Structure formats: structure tokens, C-alpha cells
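Hello,

Please find the structure below. My notes on what was found in it follow.

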Amino acid sequence: MLRVIFAGIFLLSGLFILGTATFGIFRFSTMLNRVHVAAKCDTLGVLLILTGLIIVSGLNIFSFKLFMVLLFLWLSNPVASHLTARAEVRTNPNLYDTCDFFTLEELKQDDNN
């Protein structure tokens, strides 16, 4: 009974975070903001949902498979998000109109002050 309660808490928390991320994706206007929201919330939401499923299934081969999926997503999601954002920066000529970018000289000048 206690296991089902904990699993439900994890599952509902994960669904809430993924729902909030979906709202955030539609709320933000620039691609880089959308990628940031999707990357952060997907990683945490998937962690909570798969943890809840691992708790429900108990310790068996299925929970090990779920853990391997979790590990793969935790390794691949940040890399995919970074590459998506990098492609946006390199291919969007109007990006400097909507986003603020700092050069290394500006950052060093801010550190000295």
C-alpha cells in the first residue's frame, strides 16, 4: 500500500512537470527559450515518471530495463538539446535581434568591475 502511494506521488509529480513544460513551450517566443524549457523539464519529468514505474514494478528485470531507459535518457537528452540550440544559433540570421549575446570581452569587463 505504501509503495503504491509513493509511486503515485512520483507519477503525478512527473505528469505535472511535463504538463508545465508543455505550457512553457507554447508560452515562450524564441526557439532557445523553448529548447531550455523542454530540456530541463523533460529530464526531470521522465526521471519522476520512470522512478514511479520502477517503484510499482518492484525489483525485477522490468525495473532494471526501466532504469536503463532512464539512464539513456539522462545521457542523451542534454546532448540533443544542446545540439538543437547550437543549430539554431548557427542557422538563424535574425537571432541577434531577439536575443542578447555577450562577447568574451564584455564578460571579462563585467568580471573586472
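Helix 2 buries Val35, Val37, Ala38, Ala39, Thr43, Gly45, Leu48, Ile49, Leu50, Gly52 and Ile54. These buried residues pack against both helix 1 and helix 3. Helix 2 itself covers residues 31-57, which is 27 residues, and spans 38 Å from its first C-alpha to its last. That is close to the 39 Å expected at 1.5 Å a residue. Just after helix 2 comes Gly58, with a positive phi of about 85°.

Please keep in mind that this is a predicted model. The mean pLDDT of the protein chain is 86, and 88% of its residues reach 70 or more. Confidence is highest in helix 1 (residues 2-27), at a mean of 92, and lowest in helix 5 (residues 104-112), at 63. Where pLDDT is low, the predicted coordinates should not be read in detail.

The overall layout

The protein chain has five helices and zero strands, so its elements run α-α-α-α-α from the N terminus on. Of its 113 residues, 24% are buried. The accessible surface of the chain is about 8,500 Å², and carbon and sulfur atoms account for 69% of that surface. As for contacts between residues at least 6 apart in sequence, 69% of them join residues at least 24 apart.

Helix 1

Helix 1 has 26 residues and reaches 37 Å from first C-alpha to last, close to the 38 Å expected at 1.5 Å a residue. Its buried residues are Ala7, Gly14, Ile17, Ala21 and Gly24. Which helix do they pack against? The buried residues of helix 1 pack against helix 2.

Helix 3, residue by residue

Helix 3 runs over residues 61-91, with Leu75 among them. Several of its residues were looked at one at a time, and they are given here in sequence order.

Leu75 counts as exposed because its relative accessibility is 59%. Leu75 also belongs to a nonpolar surface patch of about 720 Å², which it makes together with Ile61, Phe62, Phe64, Phe67, Met68 and Leu71.

Asn77 is placed in helix 3 as well. Is Asn77 buried or exposed? Its relative accessibility is 18%, so Asn77 counts as buried, the cut-off for that being under 20%. Not counting residues up to four places away in sequence, Asn77 touches Ala39, Asp42 and Thr43. Ala39 and Thr43 are among the buried residues of helix 2.

Pro78 is found in helix 3 too. With 42% relative accessibility, Pro78 counts as partly exposed.

Leaving aside neighbours within four places in sequence, Ser81 is in contact with Val35 and Ala39. The C-alpha atoms of Ser81 and Ala38 are separated by 8.1 Å, while the residues themselves are 43 apart along the chain. Val35, Ala38 and Ala39 are all listed among the buried residues of helix 2.

Ala85 lies in helix 3. Which residues does Ala85 contact, leaving aside its neighbours within four places in sequence? Ala85 is in contact with Leu32 and Val35. From C-alpha to C-alpha, Ala85 and Leu32 are 6.0 Å apart in space, against 53 residues apart in sequence.

Glu88 is another residue of helix 3. Its relative accessible area is 17%, which means that Glu88 is buried. Glu88 touches Met31, Leu32 and Leu95, not counting residues up to four places away in sequence. Glu88 and Leu32 are 56 residues apart in sequence, and their C-alpha atoms are 7.5 Å apart in space.

When going through the model, please treat helix 5 with care, given its mean pLDDT of 63.

Regards

Key. Residues are numbered from 1 along each chain as its sequence is written. This is a predicted model: local features need pLDDT of at least 70, side-chain atom pairs count only at pLDDT 80 or more; totals for chains, interfaces and linings use all residues. Side-chain values use heavy atoms; hydrogens and water are left out. Patches are made of residues with over 30% relative accessible area and no salt bridge: like charges are joined within 9 Å, nonpolar side chains (Val, Leu, Ile, Met, Phe, Trp, Tyr) within 5 Å. Accessible areas come from the Shrake-Rupley method with a 1.4 Å probe; for residues, only the protein chains shown count as cover. A salt bridge is a side-chain nitrogen of Lys or Arg within 4 Å of a carboxyl oxygen of Asp or Glu. Helices (H or I, at least four residues) and strands (E, at least two) are DSSP runs, numbered from the N terminus. Buried means under 20% relative accessible area, exposed over 50%, partly exposed in between (1.4 Å probe, protein chains only). pLDDT is the predictor's confidence in each residue, from 0 to 100. The expected span of a helix is 1.5 Å times one less than its number of residues. Contact means heavy atoms within 4.5 Å.
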